[in-house]
Amino acid sequence: MPVRKPPRGRGPVRRRLLPRPRVLLGTLLLVVFVAVLVVQAYVNAEFKGDHVESEVGDNATVPDEILNGGPVINTTGGQESTSRMPPKTIALTFDDGPDPVWTPRILDVLKEYDAHGTFFVVGSEVSRHPELTKRITDDGNELGLHTFTHANLQRIAPWRRNLELSQTQVAIARATGVHTNLARFPYSSKNDAIDDENWKIIKDAGRQGYLVVVNDTDSQDWQRPGAERIVRNATPPGDTSAVILFHDAGGDRRQTIDALRRFIPAMQARGYTFTTVTEGLNRTIEQSNAAAVNARPVPNLPENPDAATSDVWRGSAVVWTVRLADGLVWVIAVLFLVVGALTIGRTALLLLLATRHTRQRRKPGWSWGRPVTEPVSVIVPAYNEKEGIEAAVRSLAGGDYPHIEVVVVDDGSTDGTALLVEQMRLPNVRVVRVPNGGKSNALNTGIALARHDLIVTVDGDTIFEPDSITKLVQPFADPAVGAIAGNVKVGNREKMVAAWQHIEYVIGFNLDRRLYEVLGIMPTVPGAIGAFRREALAQVGGISDETLAEDTDVTMAMLRAGWKVVYAEDAKAWTEAPATLEQLYRQRYRWSYGTMQAMWKHRRALFDKGPSGRFGRVGLPFLALFGVALPMLAPVVDIMLVYGLVFWELEETVVAWLGMLALQLFTAAVAFRFDRESLKPLWRLPLQQFAYRQLMYLVLMQSATTALTGGRLRWHKLHRAGLGARAGAVPPPPQQLVAPVVDTWPSTLGQGRPESHPAAGRAVARPAVPTQTVREHADFGPEDLPSAGSPPGGGSGPVYTG
């Protein structure tokens with residue numbers, strides 16, 4: 001069979017920190033998140049009412065006609081003039097809308113008294129409420145620009161000023177199909193407040209074709225002084241005309257509505273007419289044309305003229321962008337509440353049940369029953385474990401349990417792992433070489449070779465304490481116990497990445513196991529330290545190779561078969577955690593994907609009866625909700641933190657985040673106390689929130705993406721440095737090696753297996769052979785080959801044997 005050549009340009013030393021799919025996924029999520037924040041930062045700029053006082057600067061360049069003129073300023077075509085409303089005419093103007101609560105009520109009042117007004121709208125609010133904006137024009141009122149984000153135009157760049165006006169214009173075009181020639185700037189007031197800087201902005205708006213509207217009279221409704229005071233403020237002196245400022249948004253406008261109900265009929269009774277700004281200007285133009293002699297008449301201004309088709313299309317993009325950003329932030333806010341509720345609920349349940357479990361186990365005189373002393377077979381599947389295999393085997397063979405045999409199954413190693421163990425010449429250790437077939441195959445081979453009915457499974461990089469096996473198997477005194485999970489400890493915790501994992505092991509794995517045992521739904525017996533009854537393994541069909549989490553798979557199968565799975569907290573095993581972010585990512589990707597595979601494989605338990613149905617209707621939903629959904633939704637906490645720092649009050653946001661951190665620290669302290677661990681590593685917990693957790697988010701998201709798209713995950717061998725033997729482990733004197741050859745376990749000769757079996761797809765061990773020919777792997781290097789490593793909360797899985 002010809003050997004496939006590696007792709008052109010791929011050298012043996014070419015490496016990426018993260019494979020391309022991971023980079024693409026992370027980049028896509030980051031781009032989407034940043035885009036949403038950028039849009040929100042623009043749309044939801046700090047909003048202050050028009051009443052904010054601003055300092056008036058020098059006005060040496062402002063013409064006297066402008067400073068002492070009318071409220072409508074015309075700088076189009078290079079001219080510099082102002083206009084007023086005709087006598088006995090009032091133009092009601094409303095700023096800051098449209099508002100879904102108050103604008104409709106004001107429109108109702110205007111309609112009731114057959115009056116019209118001019119609404120200077122904020123473009124972002126038009127994008128959010130296009131139907132309401134359309135109602136303004138449909139009711140005979142007029143629209144004007146009040147910028148897109150209510151920005152102070154004196155404090156932004158010229159390009160941003162143009163953008164503020166143009167985006168509001170196209171948003172109006174999309175919402176109503178009309179165009180407007182009127183503009184009013186936020187924080188503007190009357191003519192005499194125009195300084196040199198404002199005059200430049202007004203002239204620039206004129207070059208774009210806009211008439212700038214200020215006001216004659218300010219109702220000061222923003223102060224909410226009461227309807228009577230608002231009426232007095234709005235009333236013009238004598239019979240003069242006026243452009244009057246009101247607000248239809250920016251707060252509670254009940255007093256504004258009450259004042260309008262008094263003001264409009266009172267002024268109508270005095271002979272005043274209410275018009276829009278453009279209608280009032282046209283009346284002034286008509287009067288001027290009539291008074292002019294032999295002068296070219298000035299044409300009337302169009303009120304709400306039709307918008308250009310291009311503006312409508314551009315407005316559609318603006319409106320949908322704002323809606324999308326608002327929608328995503330709304331979804332994030334809802335998810336934040338969901339995550340908060342789930343987190344608090346899970347924490348309360350965890351602390352309650354875990355505390356109950358710990359107190360029960362630590363009661364004086366508590367025991368599982370009679371001491372268990374039956375012989376134990378320890379199975380060690382190993383692939384290229386030369387760095388740690390000697391220390392691991394020595395700790396196993398030298399334990400204080402009275403009857404231990406250790407079966408090391410060398411799974412086609414290419415680094416001399418088997419030879420290292422053989423050279424140790426330990427009396428109760430056997431080495432068996434099998435062709436590379438994956439961890440499930442190696443475990444089933446080891447079980448076949450085991451002489452005893454109590455089986456302990458161990459990873460090739462794991463160090464046991466002298467009493468670990470003794471404490472691990474004691475729950476077998478209960479005949480209903482089919483499997484036991486031990487306590488996995490991180491041995492290389494002096495490194496930062498490994499220290500983060502140490503925190504996670506204590507909180508995320510060991511504390512959870514106490515909860516799971518009380519509920520009777522322990523989903524995983526870790527490959528690093530676990531014990532099984534041979535009878536239970538045989539009942540579920542042995543170790544399956546259908547998922548990447550064979551330990552989770554077989555544990556779920558045992559629960560479905562009615563066996564109890566418990567946690568032995570005093571049985572400790574020290575493992576070497578990944579020391580780099582790259583290795584950590586690879587490991588956790590495999591764990592999370594394998595767990596999802598196992599959950600999907602056992603989904604039929606949802607509809608079963610008996611123990612299987614109980615696990616399906618309690619265990620699977622619990623694991624799906626708190627083991628998959630909650631971790632995948634957890635990023636919204638960090639997203640809302642960033643969002644709050646940008647858009648909300650800094651103090652409140654920091655207090656909320658510190659509250660969440662305090663809850664996590666409290667839970668962590670409880671977990672560390674239960675595990676009798678020092679609290680010193682918890683100083684790293686805040687930093688873990690900003691670095692470690694984000695990596696885990698990407699892991700879960702990519703795992704879910706892989707699962708949903710039907711992708712297949714390739715194995716990645718982790719690089720090990722090896723752990724030293726734990727203190728107190730003393731090996732027995734060397735004797736002659738024993739290595740019998742037996743048939744596969746469970747026996748498959750002449751036997752079939754129904755597809756409905758809980759462990760359908762189990763691996764079948766290949767016959768043990770004395771030597772192994774090194775196989776060529778053209779497509780991937782040693783780091784990508786199968787490993788016997790297994791997680792404390794997940795599992796390993798299938799390999800590719802070419």
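These legends go with a handful of close-up views of a predicted model.

The model is predicted, so local features need pLDDT of at least 70 and side-chain atom pairs count only at pLDDT 80 or more, while totals for chains, interfaces and linings use all residues. Residues are numbered from 1 along each chain as its sequence is written, and side-chain values use heavy atoms, with hydrogens and water left out.

**View 1. Helix H10, end to end.** Here's helix H10, residues 277-291; helices (H or I, at least four residues) and strands (E, at least two) are DSSP runs, numbered from the N terminus. With 15 residues, H10 reaches 21 Å from its first C-alpha to its last, close to the 21 Å expected at 1.5 Å a residue. That expected span is 1.5 Å times one less than the number of residues in the helix. The buried residues of H10 are Val 277, Thr 278, Gly 280, Leu 281, Asn 282, Thr 284 and Ile 285. Buried means under 20% relative accessible area, exposed over 50%, and partly exposed in between (1.4 Å probe, protein chains only).

View 2. Zoom in on Asn 282, a residue of helix H10. Asn 282 has a relative accessible area of 11%, so it goes down as buried. Leaving out residues up to four places away in sequence, Asn 282 touches Asn 300 and Leu 301 (contact means heavy atoms within 4.5 Å). The side chain of Asn 282 also reaches the backbone nitrogen of Leu 301 at 2.6 Å.

**View 3. Gln 268 in helix H9.** Gln 268 sits in helix H9 (residues 254-269) and, at 31% relative accessibility, counts as partly exposed. Its side chain reaches the backbone oxygen of Tyr 113 at 3.0 Å. Besides Tyr 113, Gln 268 touches Phe 274, again not counting residues up to four places away in sequence. Thr 89 is 179 residues away from Gln 268 along the chain, yet their C-alpha atoms are separated by 9.8 Å.

View 4. Asp 138 pairs up with Lys 134 in a salt bridge, the closest N and O atoms being 2.8 Å apart. A salt bridge is a side-chain nitrogen of Lys or Arg within 4 Å of a carboxyl oxygen of Asp or Glu, and the structure holds 39 of them. Both partners, Asp 138 and Lys 134, lie in helix H5 (residues 130-138), four residues apart, about one turn of the helix. An α-helix has 3.6 residues a turn, so residues three or four places apart point the same way. Lys 134 is partly exposed, at 30% relative accessibility.

**View 5. Glu 405 and Arg 430, strand to strand.** The side chains of Glu 405 and Arg 430 meet in a salt bridge at 2.7 Å, N to O. This pair links distant parts of the chain, with Glu 405 in strand S12 (residues 404-411) and Arg 430 in strand S13 (residues 429-434), 25 residues apart. Glu 405 is buried at 4% relative accessibility, and Arg 430 is buried with a relative accessible area of 4%.

**View 6. Glu 677 and Arg 493, loop to loop.** A salt bridge joins the side chains of Glu 677 and Arg 493 (3.0 Å, N to O). Glu 677 lies in the loop between helix H22 (650-674) and helix H23 (685-690), and Arg 493 in the loop between strand S16 (481-490) and helix H16 (496-519), so the pair ties together parts that are 184 residues apart in sequence. Glu 677 counts as buried at 16% relative accessibility, whereas Arg 493 is partly exposed at 22%. Both belong to a network of salt bridges that also links Arg 362, Lys 489, Arg 514, Glu 569 and Asp 675.

Definitions and conventions. A polar contact is a pair of N or O atoms within 3.5 Å; within protein, one must be able to donate a hydrogen and the other to accept it, and residues adjacent in sequence count only if both atoms are side-chain atoms.
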